[in-house]
Amino acid sequence: MTNKTHILSHTIDTSKHENHQGTVERNIERKLEAIFDNMVEGCQIIGFDYRYLYLNKAIIKQGRKTKKQLMGNTMMECYPGIEKTEVFANIKTCMEKRLHINMESEFEFPDGNKGWFELRMEPVPDGTLIFSVDITGRKAADKAKSEFISVASHALRTPLGISKWYLEAIRGEDYIRTAPKIAKNYLSEIYRNNERLLALVRNLLSISRIDQNKIKDHPELVNIVELIKKIIKQMSLIAKKRDIMVELKLKGPKVPKIFIDRLRLQEVIENLLSNSINYNVPHGKIELILEPIKDILYLNITDTGIGIEEEDRKKLFTKFFRAQKAIITNTEGSGLGLYLAKSYIEGWGGKISLKSTEGKGASFMIELPIRTKHKQDKQLN
Amino acid sequence: MKKILIVEDELPYQKLLHDQLDVNGYEVIQANDGKKGLSLANKEHPDLILLDVRMPEMDGMTMLHELRKDSYGKSVKIIVLTNLEPNDELIKKVIDNKPSYYLVKSDIKLTDLLDKIKELLP
């Protein structure tokens, strides 16, 4: 064997391997894109020149523009005036100082609509990656909740404050000894406000249960005709005081017993009837008409009272709403009765609607599904 | 005799304030809402106005704003009485119109209110 040096050449064809690696990368890219595209969170990449480089489906929806309108264009071109917003300032900071930024911001769209967004900004090699969640609904719920607390605390403070001052007057002036007539009068005022406070607390608790879906119905077979007669009798004293005539009329076939929560139904009818009395004119009339048609029981309560203005009718069934005219006529209502009535009735699968002409009275129509115990049992099973 | 105007939609408050001011030797006039309150104030020129904020027809903030437009309205003493939270938007606007006092009804004693009235109407 000679001692010759041989050059050994070994060639490996790697093109297949490179192709395979490229395919893997492309697959990963596609999978990532599919994941990003189907995320609930909005996702966008903004380039250093503030051009949109990537947008997923969620951000297109949030941004209220098409992908075509946005891709490749600058933020300033797509949303004129954005450069003056806090969001833009933070994107700029993230872009230039390479900082992570979290923020919540209200954004006004070119059409004037507004939306709240929770934003997470991350610096990436191409610019800034922004994840966003539309929190407009949550913000509206937070606002409604704090407004509710504010209105509820005002409503609670009023009867409490009244009682406090009346008690102070009775005690400080020693009215019980020196002026028993005034003392008696003031004590009646305190008692009335205490009742008002208790009714308000009861209503607030009911609302809280409705909001948490914790209303527990205790249905039983109820003779609604007897129940209405009982309520009319209970309220006859107040009606008589104001010289208001209350009449119950039965129409159509015999009214069947219905399977329903007796106490809540009583609360609903009492509420509507007391409104008809309190907001009626002296010597006025109230007519309750009960009529079963097929599987629906219709209860119509019509009064000759002050009526409800058209603008107020839309808000009448919302929490704490009281029509201007109602406040003048009766300062003590809480604005919760009709909201509760609507919640209960709809919970039973029924409806409540209103017809009213301002100054000519109001007419509330309740529709209740006629259920027998048997049907209810079936439903529960 | 010093004249006081009560502008208040809650009748129990109106009744008690009327009684107590009457006993203390003031002439009392009253209105159930801001609109009537404004017209009564401009007509009767009371020395002091006790003004509620949340009222039908016209709220206390609007009444105060309207009242401050002329020379009588600019100088009349006003105690704003409310049960609204101090951070309520209406209250912020009320304070901008510089009442003599802004008091939360449920937080103060009736005697404290009467003392403040005596202080403003010596």
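What follows is a short chat about a predicted model with chains A and B.

Me: What helices and strands does chain A have, and how many?
Reply: Chain A has 14 helices and 12 strands.

Me: And how many of its residues count as buried?
Reply: Of the 381 residues in chain A, 25% count as buried.

Me: What about contacts in chain A between residues at least 6 apart in sequence?
Reply: Of those contacts, 56% join residues at least 24 apart.

Me: New topic. How many residues of chain A are in contact with chain B?
Reply: 20 residues of chain A are in contact with 19 residues of chain B.

Me: Which helices of chain A supply at least two residues of that side?
Reply: α6 (136-172), α8 (180-211) and α12 (324-329) each do. The largest share, 14 residues, comes from α6(A).

Me: What kinds of residues make up the side of chain A that touches chain B?
Reply: Seven are nonpolar, nine are polar and four are charged.

Me: Now Arg64(A). What is its phi?
Reply: Phi of Arg64(A) is near 55 degrees. That is a positive value in a residue other than glycine.

Me: Where does Arg64(A) lie?
Reply: Arg64(A) is in the loop between α2 (57-63) and α3 (67-70) of chain A.

Me: Why does Arg64(A) count as partly exposed?
Reply: Because it has 14 C-beta neighbours inside 10 Å. Buried needs 20 or more, and exposed means 12 or fewer.

Me: And Lys98(B), where is that?
Reply: Lys98(B) sits in the loop between α5 (89-96) and β5 (101-104) of chain B. Its phi is positive, about 45 degrees, although Lys98(B) is not a glycine.

Me: Is Lys98(B) buried or exposed?
Reply: Lys98(B) has 11 C-beta neighbours inside 10 Å, so it counts as exposed.

Definitions and conventions: Residues are numbered from 1 along each chain as its sequence is written. Chains are lettered from A and ligands numbered from 1 in the order in which they are written. This is a predicted model: local features need pLDDT of at least 70, side-chain atom pairs count only at pLDDT 80 or more; totals for chains, interfaces and linings use all residues. Helices (H or I, at least four residues) and strands (E, at least two) are DSSP runs, numbered from the N terminus. Two residues are in contact if their C-beta atoms, placed from the backbone, lie within 7 Å. Ala, Val, Leu, Ile, Met, Phe, Trp, Tyr, Cys and Pro count as nonpolar, Asp, Glu, Lys and Arg as charged, and the others, Gly among them, as polar.
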